[in-house]
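Work through the following exercises with the sequence and the three-dimensional model side by side. Try each task before reading its solution.

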Amino acid sequence: LKFYVLDKNLTKIKEGNLSFDCEDALFQFDDPTLKQYTNLEYEVVSDKIIHLVRSFDEKKNILQIYYGLSTSDLSKKIKLNKVFEINEMDKTRRGVVISQDKSKILFFYKKKQELTYKVYDNTFTKIINEGKYIFPVSDDKSKFESFNVDNNGNIISIVSKLKEKNDKLKGFSETQYIAFITKNNQTTEPITFDFKGYDISYINCFFTTPNSVIFTGFLNSLDGNSKDKRVTSKMFFSNFSSNDYKLVNENLVNVDGLYPEKINNKDDFMAYDIKNIYYKSNGGYSVVAEQNYIYSVMTSGFNSPMVSYSSVKKYGDIAVINFKKNFEIENTTRIPKLQSNFSNVSIASTFKDDVIYVFYDDLAANFELKNEDDLKRNITKGFVSNLKDRSIFSIVVQPDGKYKKHKIFDYKNDKRELLFRNSFYLKNGNFLTRTFNHIGLIKL
């Protein structure tokens, strides 16, 4: 493995070979003959770099996770220590989650309804939270939406659950969402989210200030036809203290301006997911959201009767919603996209001085859009459009909701496709992004 040390302008100042020292393991980086695969990730915390190495032995069906600490001088061997091991990996959901302030690191895996977890501090000298928990939900009537860890080491597991017959109430959704808070004293408390007249289309938790956790998402009306029910009409904000998870306040807010005035295209009927929430200097919030819809695709082999189904996520328009401190809405900005089916889906956003910066990939013709009447979606038959027809755009959204669009990169003369999913955020709103074999710096 090679490493490169760059200055703030991405000028290379050092390079070399990255090497690890580990007494109880030999790492074979992606060696299919030995059925061993190793993945390396890192996180910068203060003045040190945390290296996370996942080593998977396919024959034994075991995943081992190691950590190493280093400074930016990567020429020295990095000592690795095992922190987590997962048996029967193919039967589990697993992950590593770092808290918002980067002080806590959660390692977990879930097998059926049992969660095994361990939370370390970022020096790996102290275990903050460790144990097992069996969720009181049935395997066939529940879905685990997300796992998070807060700055105190508490674990937040969000689960959607089909209600039992006796629990169904008139005017409420058949699905309820529960956030299980597994505290560092090994007790677990449930928080239920259920709103009369609405179904939750998206929910997650965000840590906007040191002492609060906001559970928020979008609501769809239970009334109307199947298309109407996919249209987002409200947001909810449930603000909890991160010390004891007591409810501070809760607000349901009507959100207008997320869709065209005339919805006549099936791709307009998509709900929104929240990508980021930013805390503003006036105590309010800026929400960056994006439409998406999961649908099934049927495929069959050539001259074969065998049919298989897979899930595909389609992405649509972007929205920036500004709220006051009391969650009263200030303004909504919708940014239309021309197409939603191509390889480099989704967006990146950043925030500086109460201004939102959104970066996204779309057809180059998007730059010529003047108003909604010009918007004609161009959905490709396949899932990858021609790279030369696409560009990278930035949208700069001011606190009053007014925005300007910029074309910052054109694929017509450069084939290096930016991968926003792998962006790495720096100070002052700047962030690193990459192509398959290049690194780029976006400065505000």
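Predicted model: local features only at pLDDT ≥ 70, side-chain atom pairs only at ≥ 80, totals over all residues.

Residues are numbered from 1 along each chain as its sequence is written, and side-chain values use heavy atoms, with hydrogens and water left out.

**Exercise 1.** Classify the ring pair of Phe193 and Phe215, and state where the two residues lie.

*Solution.* Begin with the rule: rings of Phe, Tyr and Trp (its six-membered ring) pair if their centres lie within 6.5 Å, and planes under 30 degrees apart count as stacked, over 60 as edge-to-face and the rest as tilted. The structure holds 25 aromatic pairs. In the pair of Phe193 and Phe215, the centres are 5.2 Å apart and the planes stand at 40 degrees, so the pair is tilted. Next, locate the residues: Phe193 belongs to strand β16 (residues 188-193) and Phe215 to strand β18 (residues 212-221), so the pair ties together parts that are 22 residues apart in sequence. Strands here are DSSP runs (E, at least two residues), numbered from the N terminus. Finally, Phe193 is buried, with a relative accessible area of 2%, and Phe215 is buried too, at 0%; buried means under 20% relative accessible area, exposed over 50%, and partly exposed in between (1.4 Å probe, protein chains only).

**Exercise 2.** Which residues lie nearest the centre of the second largest pocket, and which element gives the most to its lining?

*Solution.* A pocket is found on a 1 Å grid over the protein atoms alone, as an open set of points where a 1.4 Å probe fits, with protein on both sides within 12 Å along at least five of seven lines; lining residues have an atom within 4 Å of a point. Of the 24 lining residues, Tyr177, Ile200, Ser201, Tyr202 and Asp273 lie nearest the centre. Strand β17 gives the most, with 6 residues.

**Exercise 3.** Which members of the largest nonpolar core touch the most other members?

*Solution.* A nonpolar core is a set of buried Ala, Val, Leu, Ile, Met, Phe, Trp, Tyr and Cys residues joined through side-chain atoms within 4.5 Å. Of its 22 residues, Phe218, Met235, Leu258, Ile274 and Ile321 touch the most other members.

Key:
Helix = DSSP H or I, 4+ residues; strand = E, 2+ residues; numbered from the N terminus.
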